[in-house]
Amino acid sequence: MLDVEVQSGKASAAKHSLPRLCQLIEGLPPEERPALVRGDSAFGNEGVMAEMERTEQHYLFKLRQTAGVKRLIERQWQQGDWQNAGQGFDAVEGKLRLTGWSSARRVVVLRRRIKNSMAAAETSNENQQPTLHFIDHSDKVKLWEYAILVTNTDYSLDAIGQLYRDRADCENGFDELKNQWGWGGYTTHDLERCNLSARAVALIYNWWSWYVRLAHPKTRLEAITSRPMLCSAALPA
């Protein structure tokens, strides 16, 4: 963890973190800049993408399934040019320019078949009690879940699929910091004290991560498993 800045709970949108992100990227020499900036659908908007393109920074963001994005899915479905992207995902790409975008951008559609049973709710006009219709995976019906990505890179479709899946592993670190190290929230309105506490937690998190990695170099262990293990370990006198 390099640094942390606590902001108001109402400042959760991507636009509030964008200035510091750009400051970090532009403060690095070109050869030391990140190869890719990844983010969820909160970052897949014109403001963030335009700033990344201005600084010539590669990005991979998820898009919300708006009406324009859904039309793209329908168009690519009819073409049938899906390619295997690994781990059960198929991928297809196209160009898309949504309302408010300054230019057309490369968009990659990922789909994966839903294997489990599903229930669809239908509410009649006579009463508000929903009726459930179950769709079992044994039926001859294919159901798909979709993820739509936007990028300015030229990576292959299978590489894009893997990079998207790897983002979940990166988010595990934030989940660990919030739920295992006390980043779950702060009660004081004094942001300076919040920043001091958050940075202290980040510093101790870094120290503990390095210490545990020295004790267990093959894999990384989260605090929820490494604390009990090391606390009960036999230490030399």
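**View 1. E53 and R105 form a salt bridge.** Here the closest N and O atoms of E53 and R105 are 2.7 Å apart; a salt bridge means a side-chain nitrogen of Lys or Arg within 4 Å of a carboxyl oxygen of Asp or Glu. The two partners come from distant parts of the chain, 52 residues apart: E53 sits in helix α2 (residues 46-54) and R105 in strand β5. Helices (H or I, at least four residues) and strands (E, at least two) are DSSP runs, numbered from the N terminus. R105 is buried, since its relative accessible area is 3%, while E53 is partly exposed at 30%. Buried stands for under 20% relative accessible area, exposed for over 50%, and partly exposed for anything in between (1.4 Å probe, protein chains only). Keep in mind that this is a predicted model, where local features need pLDDT of at least 70, side-chain atom pairs count only at pLDDT 80 or more, and totals for chains, interfaces and linings use all residues. Residues are numbered from 1 along each chain as its sequence is written, and side-chain values use heavy atoms, leaving out hydrogens and water.

**View 2. E93 and R106 make a salt bridge between two strands.** Their closest N and O atoms are 3.0 Å apart. E93 belongs to β4 and R106 to β5, so this pair ties together parts that are 13 residues apart in sequence. E93 is partly exposed, with 37% relative accessible area, but R106 counts as buried at 11%.

**View 3. Strand β5 pairs with β4 and with β8.** Strands β4 (residues 89-96) and β5 run antiparallel, joined by 8 bridges; two strands pair if DSSP finds at least two bridges between them. Look for E93 again: its bridge partner in β5 is V108. Strand β8 (residues 144-151) also pairs with β5 in the antiparallel sense, over 8 bridges, and there V107 has V150 as its bridge partner.

**View 4. E176 and R220 form a salt bridge.** The closest N and O atoms of this pair are 2.8 Å apart. E176 is in helix α4 (residues 157-180), and R220 is 44 residues away in the loop between α5 (191-215) and α6 (223-231).

**View 5. D3, E5, R20 and R199 are linked in a network of salt bridges.** The structure holds 12 salt bridges.
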